[in-house]
Amino acid sequence: MPSQIMNYELAVKLKNAGFPLHPASVEDAKDSKRKKQIFCYGKDDIGRDGVWLFPTLSELIEACEASPKGESDGRQSFFLRADYVEKDGVLERVWGAGYKDTLHVVALSENPEEAVANLWLALNK
């Protein structure tokens, strides 16, 4: 099992693009599960070193739906699914996130959190 839910570079892209990340607390650092969701980057609102939590899958989906380009207009339907693709003779699982019946980008990644994070970035360009 991976030690974190998404890679650092993608989390930094989210932060820089304005994704509402939550600051990590001392309690988060003590909790073995939450500890894996902590990353450091930049400064917080009052100038201290920034210690943030990677967003959860639920937070990412909600943020996509709240995006002006992701709002449901009665015909859009958010999806997240896993498929298998062959790469160099080996089947690999790939996650896709997007909206059906639209021209929105379908974001692909190795895990569901990163697929939805990439979708949010595409929706908020």
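Student: Which residues gather in a patch of negative charge on the surface?
Tutor: The model is predicted, so local features need pLDDT of at least 70 and side-chain atom pairs count only at pLDDT 80 or more, whereas totals for chains, interfaces and linings use all residues. Residues are numbered from 1 along each chain as its sequence is written, and side-chain values use heavy atoms, with hydrogens and water left out. A charge patch joins like charges within 9 Å, taken from residues with over 30% relative accessible area and no salt bridge, with Asp and Glu counted as negative and placed at CG of Asp or CD of Glu. The negative patch gathers Glu 86, Asp 88, Glu 92 and Glu 110.

Student: Is Glu 110 buried or exposed?
Tutor: Glu 110 sits in the loop between strand S5 (107–109) and helix H5 (112–123), where helices (H or I, at least four residues) and strands (E, at least two) are DSSP runs numbered from the N terminus. Buried means under 20% relative accessible area, exposed over 50%, and partly exposed in between, using a 1.4 Å probe and protein chains only. Because its relative accessibility is 69%, Glu 110 counts as exposed.

Student: How many aromatic pairs does the structure hold?
Tutor: Rings of Phe, Tyr and Trp (its six-membered ring) pair if their centres lie within 6.5 Å, and planes under 30 degrees apart count as stacked, over 60 as edge-to-face and the rest as tilted. By that rule, the number of aromatic pairs in the structure is four.

Student: What kind of pair do the rings of Tyr 8 and Phe 39 make?
Tutor: Tyr 8 belongs to helix H1 (residues 8–16) and Phe 39 to strand S1 (residues 38–43), so their pair ties together parts that are 31 residues apart in sequence. Tyr 8 is partly exposed at 35% relative accessibility, whereas Phe 39 is buried at 4%. Since the ring centres are 6.0 Å apart and the planes stand at 85°, the pair is edge-to-face.

Student: Which residue joins Tyr 8 and Phe 39 in a cluster linked by ring pairs?
Tutor: Ring pairs link three residues into this cluster, two of them being Tyr 8 and Phe 39.

Student: With which residue does Asp 83 form a salt bridge?
Tutor: A salt bridge is a side-chain nitrogen of Lys or Arg within 4 Å of a carboxyl oxygen of Asp or Glu, and a search of the whole structure finds one. With the closest N and O atoms 2.6 Å apart, the partner of Asp 83 is Arg 81.

Technical notes
Patch = residues over 30% accessible without salt bridge, like charges linked within 9 Å, V, L, I, M, F, W, Y side chains within 5 Å. Areas by Shrake-Rupley, 256 points an atom, 1.4 Å probe, with all protein chains shown as cover.
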